[in-house]
Amino acid sequence: MSERSSRRQFFDRTGRVLGLVTLGGAAGLLVKRASAGTVYQVDPSKCTSCDLCRTSCVLSHSAVKAVNDFAKCGYCMLCPAYMDVTSKPDERGIPTGLVCPQDALKRRVVGTFDADDPNNNYYEYIVDEERCDGCGKCVKACLPPAGNGSLRLEIRYDRCVECNECAIQVACPDRAIVRLDVPGMPPPVDHTVLHE
């Protein structure tokens with residue numbers, strides 16, 4: 001092989017590598033620009049609360065949290081998402097165990113508390129986001145027929161680091177992590193359009 005042909009091959013390969021790097025950078029810029037007005041979110045109609053939101057998030061404490069849709073909640077005394085209905089009952093017949101392993105689902109009495117008949121009490125169930133790790137056990141327990149489906153998982157934007165490719169989305173077997181337009185955010189400006 002002559003020195004001239006190996007030099008030509010070197011420049012040819014270098015040109016190809018630079019071309020691929022340039023194309024890769026341009027593609028990355030286009031993807032970033034296209035996703036500027038969107039965020040990742042959990043589609044509750046697809047989510048099966050498989051626990052991968054807790055274990056797949058790049059954060060040590062997942063950005064996915066359980067939330068309660070109060071308009072759907074029954075405010076029940078024996079909430080299957082709060083109390084482990086399979087646990088040992090106390091002397092009044094009320095289960096003693098809780099569903100949430102992190103004790104993140106809290107409840108408080110709504111209205112007047114009836115100490116004589118606990119079945120007359122109504123409760124509001126609130127998620128303590130500092131404790132919630134997104135395991136989805138409460139969401140699964142809240143599904144019909146035992147519950148009414150008021151609990152669901154959501155990606156909390158104030159905690160999410162907006163990865164270029166969400167690790168939870170990659171791991172989700174149900175394809176329940178989707179990209180949504182950010183409400184109230186204008187669409188990204190296309191600077192490639194020339195104004196006359």
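The model is predicted, so local features need pLDDT of at least 70, side-chain atom pairs count only at pLDDT 80 or more, and totals for chains, interfaces and linings use all residues. Residues are numbered from 1 along each chain as its sequence is written, and side-chain values use heavy atoms, with hydrogens and water left out.

## Overall layout

The protein has 4 helices and 6 strands. Helices (H or I, at least four residues) and strands (E, at least two) are DSSP runs, numbered from the N terminus. Their order from the N terminus is α-β-α-β-β-β-α-β-α-β.

Of the 196 residues, 30% count as buried. Buried means under 20% relative accessible area, exposed means over 50%, and partly exposed lies in between (1.4 Å probe, protein chains only). The accessible surface comes to about 13,000 Å². Carbon and sulfur atoms account for 56% of that surface. These areas come from the Shrake-Rupley method with a 1.4 Å probe; for residues, only the protein chains shown count as cover.

A contact means heavy atoms within 4.5 Å. Among contacts between residues at least 6 apart in sequence, 70% join residues at least 24 apart.

β2 pairs with β5 in the antiparallel sense, over 5 bridges. Two strands pair if DSSP finds at least two bridges between them. V67 has R152 as its bridge partner in β5.

E154 sits in β5, which covers residues 151-155. E154 is buried, at a relative accessible area of 17%. Leaving aside residues up to four places away in sequence, E154 touches Q41, V42, A63, V64, K65 and V67. Its side chain also makes a polar contact of 2.7 Å with the side chain of R152. A polar contact is a pair of N or O atoms within 3.5 Å; within protein, one must be able to donate a hydrogen and the other to accept it, and residues adjacent in sequence count only if both atoms are side-chain atoms.

## Salt bridges

A salt bridge is a side-chain nitrogen of Lys or Arg within 4 Å of a carboxyl oxygen of Asp or Glu. The count is 11. One network links E129, E130, R152, E154, R156 and R159.

| Pair | N to O distance |
|---|---|
| D51 and R54 | 2.7 Å |
| K106 and D103 | 3.0 Å |
| R108 and E124 | 2.8 Å |

R108 and E124 form a salt bridge that links distant parts of the chain, 16 residues apart. R108 belongs to strand β3 (residues 105-110) and E124 to strand β4 (residues 122-127). R108 is partly exposed at 46%, whereas E124 is buried at 15%. K106 is partly exposed at 31%. D103 is partly exposed at 29%. R54 is partly exposed at 33% relative accessibility.

## The aromatic pair

Rings of Phe, Tyr and Trp (its six-membered ring) pair if their centres lie within 6.5 Å; planes under 30 degrees apart count as stacked, over 60 as edge-to-face and the rest as tilted. The count is 1 aromatic pair. The rings of Y82 and Y125 have centres 5.4 Å apart and planes at 55°, so the pair is tilted. Y82 lies in the loop between β2 and β3 and Y125 in strand β4, so the pair ties together parts 43 residues apart in sequence. Y82 is buried at 14% relative accessible area, and Y125 is buried at 2%.

## Backbone exceptions

Most residues other than glycine have a negative phi, and most peptide bonds are trans. The bond from P144 to P145 is cis, with omega near 10°. P145 lies in the loop between α3 (137-141) and β5.

D51 has a positive phi, near 85°, and is not a glycine. D51 lies in the loop between β1 (38-42) and α2 (52-56). D51 is partly exposed, at 23% relative accessibility. E162, also not a glycine, has a positive phi of about 50°. E162 lies in the loop between β5 and α4 (167-171), and is partly exposed at 31%.
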